[in-house]
Amino acid sequence: MTQKANLLISACLLGQPVRYDGQSKPMRDVDWTKIHDRFELIPACPECLGGLPTPRPAAEIIGGSGNDVLTQQASVQTGDGQDVSLAFITGAWQTLRLAQQGDCKLALLKANSPSCGNRQIYDGSFGKTLRDGQGVTASLLSQHGIRVWNEEEVDALLRQDGDD
């Protein structure tokens, strides 16, 4: 039996109640089974790793995307204007460290999150409007050669061999 590749995965997708609202967003059972059969799972919540409590106020990226937050050209703020950028940046680096320690080449992260969104993030208006862009952690992982997928892309992820 061959050893399974490690997969960094958002803890909320595994049913852990770590989201801003104290809830989880578990994957569909069929997707969980496929992922679990193929990979050793390394769960992480970048926002918790960055020191934010659960529950916590919702936050969105203001003035850019995740890479812009990493270069201090944009910020992550709560609806009442509290800047939580440092926690998001710290959590991104902690998550990268976990991924590197686990030799993860792939990550499955929560879509649309200001940390984990890999294709789209909320636009900063707190009006539930999405725009193209990556969250802070997804951006940092991508910059370090880790391919990032979301829970709607499980089949595409499973087609990867983990050695790309």
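Select Asn118 first: this residue is buried, with a relative accessible area of 6% (buried means under 20% relative accessible area, exposed over 50%, partly exposed in between, with a 1.4 Å probe and protein chains only). The model is predicted, so local features need pLDDT of at least 70 and side-chain atom pairs count only at pLDDT 80 or more, whereas totals for chains, interfaces and linings use all residues. Residues are numbered from 1 along each chain as its sequence is written, and side-chain values use heavy atoms, with hydrogens and water left out.

Asn118 is placed in the loop between β5 (106–109) and β6 (120–122); helices (H or I, at least four residues) and strands (E, at least two) are DSSP runs, numbered from the N terminus. Display its side chain together with that of Asn150: the two make a polar contact of 2.9 Å. A polar atom of the Asn118 side chain also lies 3.1 Å from the backbone oxygen of Val148. A polar contact is a pair of N or O atoms within 3.5 Å; within protein, one must be able to donate a hydrogen and the other to accept it, and residues adjacent in sequence count only if both atoms are side-chain atoms. Beyond neighbours within four places in sequence, the residues in contact with Asn118 include Gly133, Gln134, Ala138 and Glu153 (contact means heavy atoms within 4.5 Å).

Next, select the open sheet, whose four strands follow the order β2-β1-β5-β8 with parallel pairing; two strands pair if DSSP finds at least two bridges between them. At the edges are β2 (39–44) and β8 (147–150), each pairing on one side only. Direction ignored, neighbouring strands of this sheet are turned by 30° against each other on average. Strand β1 (residues 5–10) is joined to β2 by six bridges, and Ser10 stands opposite Ala44 in β2.

Axes are lines fitted to C-alpha atoms, for helices over the stretch in contact, and angles run from 0 to 180 degrees between N-to-C directions.

Finish with the backbone. Most residues other than glycine have a negative phi, and most peptide bonds are trans. Thr54 and Pro55, however, are joined by a cis peptide bond with omega about -5°. Gln72 has a positive phi of about 60° and is exposed, at 67% relative accessible area. Phe126 has a positive phi near 60° and is partly exposed, at 32%.
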